[in-house]
Amino acid sequence: MKPYVLTPSQDSFLQPASRIDYEGALNAAQLEVVFSLDGPLLVIAGAGSGKTQTLVYRVARLIEQGVHPSHILLLTFTRRAAQEMLQRVGLLVGGRSDQVRGGTFHSVGNILLRRYGQSIGLDSSFTIMDRSDAEDVIHLLRSEYGLHEKGRRVPRKNTIAEMFSKTVNTLRALDDVIFGDYAHFVELIDDLNHLQKAYQNYKAKHSLVDFDDLLVKLDELLDSEAALHEEISKAFRYMLVDEYQDTNFLQARILQKLASPHNNIMAVGDEAQSIYSFRGATFRNIMDFPNQFPGTRVIKLEENYRSTQPILNLANEVIRGAEESYDKRLFSRRAEGAMPVLVRAEDENAQSRFVVQRILELREEGTALNDIAVLVRSSYQAFDLEIELGKRGISFIKRGGMRLMETAHVKDLLAHLRVVENPHDAVSWNRILMLIEGIGPKKSAQIVAQVVQEASPGPWLVEVARRMRSTGLAAFAGCVEQLNETPTSSPADLLSLASAYYLPILKQRYDDYPKRIRDLDHIQMIAIRYDLLQVFLSDMTLDPPNESVVDSEGELLDNERLVLSTIHSAKGLEWSCVFLLWLLDGKFPSSYSIFSNHELEEERRLFYVALTRAKHLLYLNYPINIYDRQAGAVLSRPSRFLDDVSSTLLDSWVLVDGGMSEYGINDI
DNA sequence: GAAAAGCGAATTTTT
DNA sequence: TTCGCTTTTC
């Protein structure tokens, strides 16, 4: 293929038509944020208070003031958030916004470590492992170590990975984590310490880096050499951090190092919306910010531009019930609006039918489908609704929950490319080898131990296949040779080669292979956008496609799609109408969390986040008479978070079956 | 001795 | 739908 050079988009040379109209777009508090460019600044921004708008204008202001865009770092919770904000900055200042550095802490870690990692002994072609890769390694090491003696209860690999991750994200020693959070495994403390060391060694030996390492090693990097630290902190002269309530202690430490000595750092957050403590995040970072950065200015944004007052009244009431009370009263100028509605359904399917029917009505009345969202606590809670939507021909997009990247077949396929990029990647070798007929854990371990040291794995594997008389391995060896012959090919071409080899295996292993092949095709489509294998692979791990589009048969309504999302994935977003499902005590809050005050409080904040996504209409739905194995009881009352809510803040509806999926409404 | 098949149990949220 | 353990097969 011939290279065809595309000239940069003309936009880059265009200047904005007129000067930026700050006063027309921002209120007084927001203006203060946008014009206080130097020194540490903490912005406490309530839900819907125009936080994104403010960030966008602040970046624009920096550029307008002559700060070079590449000296600005915008840290966000997801990469998508950064992209969207920078796109909006582009509307204000033109193409210069392309050069602003933006992304998550993890993606910044990735980029800096690729460039400077050698100074802390990290190979620049390292592979990023996701959680399930990490669990695979732990599983491997655990069996090798022989932790499972008779009669002893051994933590599951998932649990072990969680413990290890907690040590990093909460800056605690493994012993403390076990004593504090996993007291029932205290007797295994020595073994687990041993295992953690083994895990670290394994990663170092095979150039593997897990999510947490991206932070740990970045932190290390910033400490390694004074000159390097200076170079990096000079590169990011102005920093903006979004969703600060969902950062952890390690991230706060990294920030402090990145920002020193200039301290031109601004953090935005809302302690009432902290919902990632299971990942080590703590809203204490917000509280401590002024101590960490002496001279901090604090600005509060309290006016809500999103929701009507009746919705805010309910949200305020719910968060007021929190143990650690948040000094927060959102107010809106939209006094008028429909009351939020609490809807009781006889069972899950009645709940789904109600939602579908109401959505169809709203659409009749002129609400766009993509201005409606259905939110759930955990993704499986939407399954029944998905079926119902399918029946009625409503297309939707689903966010959160089971991710494409986590599926076995996608991981299998990508593993073949990962060993091309990083031949030391033992997890991927192991994964691929285990797919081959006649190769199990033992054989695989033997081969992996050798192959990671081979300069040319292809010919070596051919030889091994001949010795073993394994046709499966021979086929694989051929595939490896092909892939390595053309390492400069595009990711898409390499993927095609790997697919050709993998497809027969896929068909043999899974009865539902047609569905899985479609997933692989989807990955193939994404790969086309990339030139570099390394970038493609990193992105697939750090920023995986986590949306699945389910189109109804036939009619495609001008790209209009309903959004189904977990509450976690709905963070920062808003819709005209929001349905909240499964608002049943025992489901939300889930019966897992009701024994811990700490977790219960987080569930309450999660509920608050869900409520504040709605602009005009809010439906809180709960089915009754649901048997819950966890609780060992039939659940039938609405979430306890509504216990103290006055009945004047909510309408109550009871669904009455009118046959033929009709519903009637009785006011109580 | 190692791999494959078979069975019961458990299942939040995500970079 | 996958995890961890047990039984069966090679």
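Which polar backbone atom is 3.0 Å from a phosphate oxygen of DNA strand B? In this predicted model, that atom belongs to glycine 440, the contact being a polar one (a pair of N or O atoms within 3.5 Å; within protein, one must be able to donate a hydrogen and the other to accept it, and residues adjacent in sequence count only if both atoms are side-chain atoms).

Residues are numbered from 1 along each chain as its sequence is written, while chains are lettered from A and ligands numbered from 1 in the order in which they are written. Local features need pLDDT of at least 70, side-chain atom pairs count only at pLDDT 80 or more, totals for chains, interfaces and linings use all residues, and side-chain values use heavy atoms, with hydrogens and water left out.

DNA strand B is surrounded by 27 residues, of which the closest are Arg377, Arg403, Gly438, Ser569 and Arg629; a residue counts as near if one of its heavy atoms lies within 4 Å of the strand. Of the atoms of DNA strand B that come within 4 Å of the protein, 60% belong to sugar and phosphate.

| Protein residue | Atom of DNA strand B | Distance |
|---|---|---|
| Threonine 104, polar side-chain atom | sugar or linking oxygen | 3.3 Å |
| Arginine 403, side-chain N or O atom | phosphate oxygen | 2.7 Å |

Helix α19 (residues 441-451) contributes the largest share of the surface near DNA strand B, namely three residues; helices (H or I, at least four residues) and strands (E, at least two) are DSSP runs, numbered from the N terminus.

Strand β12 (residues 372-376) has five of its five residues buried, so it is largely enclosed by the rest of the structure, where buried means under 20% relative accessible area (1.4 Å probe, protein chains only). Ile372, Val374 and Val376 point one way from β12, and Ala373 and Leu375 the other way. β12 pairs in the parallel sense over four bridges with strand β16 (residues 575-580), and likewise over four bridges with strand β15 (residues 562-566), pairing requiring at least two bridges found by DSSP. Leucine 375 has leucine 580 of β16 as its bridge partner, and alanine 373 stands opposite valine 563 in β15.

The structure also holds 18 aromatic pairs, defined by ring centres within 6.5 Å (Phe, Tyr and the six-membered ring of Trp), with planes under 30 degrees apart stacked, over 60 edge-to-face and the rest tilted. The rings of phenylalanine 354 and tyrosine 619 are edge-to-face because their centres lie 5.9 Å apart and their planes meet at 70°. Both phenylalanine 354 and tyrosine 619 are buried.

Key: Buried < 20%, exposed > 50% of the residue type's maximum accessible area, 1.4 Å probe, protein only.
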